[in-house]
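Please examine the sequence and the 3D structure shown below. The briefing that follows is grouped by topic.

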Amino acid sequence: MVRSEAADVAAAIASTHRREWTRVVAGLARRLGDLDIAEETAAEAFAVAVERWPVDGVPPNPGAWITTTAYRKAIDRLRREARRDDLHREALMLADDSETEDVGAIEDDRLRLVYVCCHPVLPMEARVALTLRIVGGLTVAEIARAFLVRETTMGQRLSRAKARIRATRVPFAMPEPDDVAERTDSVLTVLYLIFNEGYLATDPDSGPLRPDLTGEAIRLTRLVRDLLPPDSDERAEATGLLALMLLTEARSAARVSADGALVRLDEQDRGAWDRALIDEGLALVRERVEAETRGSGRMHRYQLLSAINAVHASTAHARDTDWARIVTLYDALERVDPTPVVTLNKAIAVSEYDSPEVALAMVDRLGGALDGHHGFHTTRAELLVRIGRSDDALVAYDRAIDLAANSAEVAHLIRRRSDLRHRTPGETP
């Protein structure tokens, strides 16, 4: 096989993995009731593809090929390991084309799998990590980086979570309506994390953006929202999260330059933003603001984040941004979600509304909590540049570059650092 053909096959396998991994694992998990077997046989199917496709060619329907191969692997696995009659019956059931039993309030294997991974028998950290692995398809290394732990530690944590689900016989079905609300908070959390991994990918081999992950997170969030009672707080937060995702995704075409560097919000070509996504997102934000005005609920985290993004999306030019409104919204967000990252983002707004000196004082107070966060050092570098402390800014840029994982962010930071080094004394940033 010539090099270009080999590259095409490798690209086809990678693309199929991104598109089909969750669907295949979810289908196997529902039929088998075992996450380990579902994950392992799906991985085996892709391993077979790596061997066969370079020889036989990429099949006309790669997803169907992977699904069929994974099911056959599962059947073989269960027949080999069938020491109990019920396991053998499960193996035979995989080949049964008859109608299956009702498996929940909504027929979507991937959404069902999200709720399984977010079952209350698991601690919150385990729910998030397991969903990122099984539903988001992130590698153990990627999840370990997100949690700031070693890869071996994360691998053990994931194994314990799957064992806990197996030992407690968590049903692979949607929860009953009365139980949906209990799990929705963690479900929305993991969907947001999956979206963020697509929005700023940490895997250097995947490229800076992963539209497969952002698209899947949006799709599942729509389903979650539709599943919830119309007047519930959970429905309100799902609406806020969906609006936040849509308004953020609308900017994706303008977020990376032709040479692969991140483009800051104030420098983006707003004409390249997706107007349809913005209009849908703004309509959802208005829905929540009107509900708050009628006194039918206080705005929580995702609703406030979507409202902040709506200010940017509604502004034709960056210079016209209503920073006073954004600071007010961050004040409200700090009250409901008092985290260092929220305060860091508020400081960026304060630097525009008030002054970079006031903002830098806010940021410096966060150093103990966020020293390992590249965003902290990036924000600090930008503020130091604005107040003329170039040497300190260069040190902050170096630290941010060391910590950043997204290739477009790294390219952007390297460019900002280079521009600062070559700037003449007294030149305006």
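The largest nonpolar core has 122 residues, and those with the most contacts inside it are Leu113 and Leu130. A nonpolar core is a set of buried Ala, Val, Leu, Ile, Met, Phe, Trp, Tyr and Cys residues joined through side-chain atoms within 4.5 Å. This is a predicted model, in which local features need pLDDT of at least 70 and side-chain atom pairs count only at pLDDT 80 or more, while totals for chains, interfaces and linings use all residues. Residues are numbered from 1 along each chain as its sequence is written, and side-chain values use heavy atoms, with hydrogens and water left out.

- Leu130 touches Leu35, Cys117, Leu122, Val135, Leu158, Ala161, Lys162 and Ile165, leaving aside residues up to four places away in sequence; a contact means heavy atoms within 4.5 Å.

**Cysteines**
- The structure holds 0 disulfides, a disulfide being a pair of cysteine sulfur atoms within 2.5 Å.
- Cys117 is in no disulfide, and the nearest cysteine sulfur, that of Cys118, is 6.6 Å away.
- Cys117 counts as buried because its relative accessibility is 0%; buried means under 20% relative accessible area, exposed over 50%, and partly exposed in between (1.4 Å probe, protein chains only).
- Cys118 is likewise buried, with a relative accessible area of 0%.

**The chain as a whole**
- The protein chain has 20 helices and 0 strands; helices (H or I, at least four residues) and strands (E, at least two) are DSSP runs, numbered from the N terminus.
- Of the 429 residues of the protein chain, 49% count as buried.
- Among contacts between residues at least 6 apart in sequence, 62% join residues at least 24 apart.
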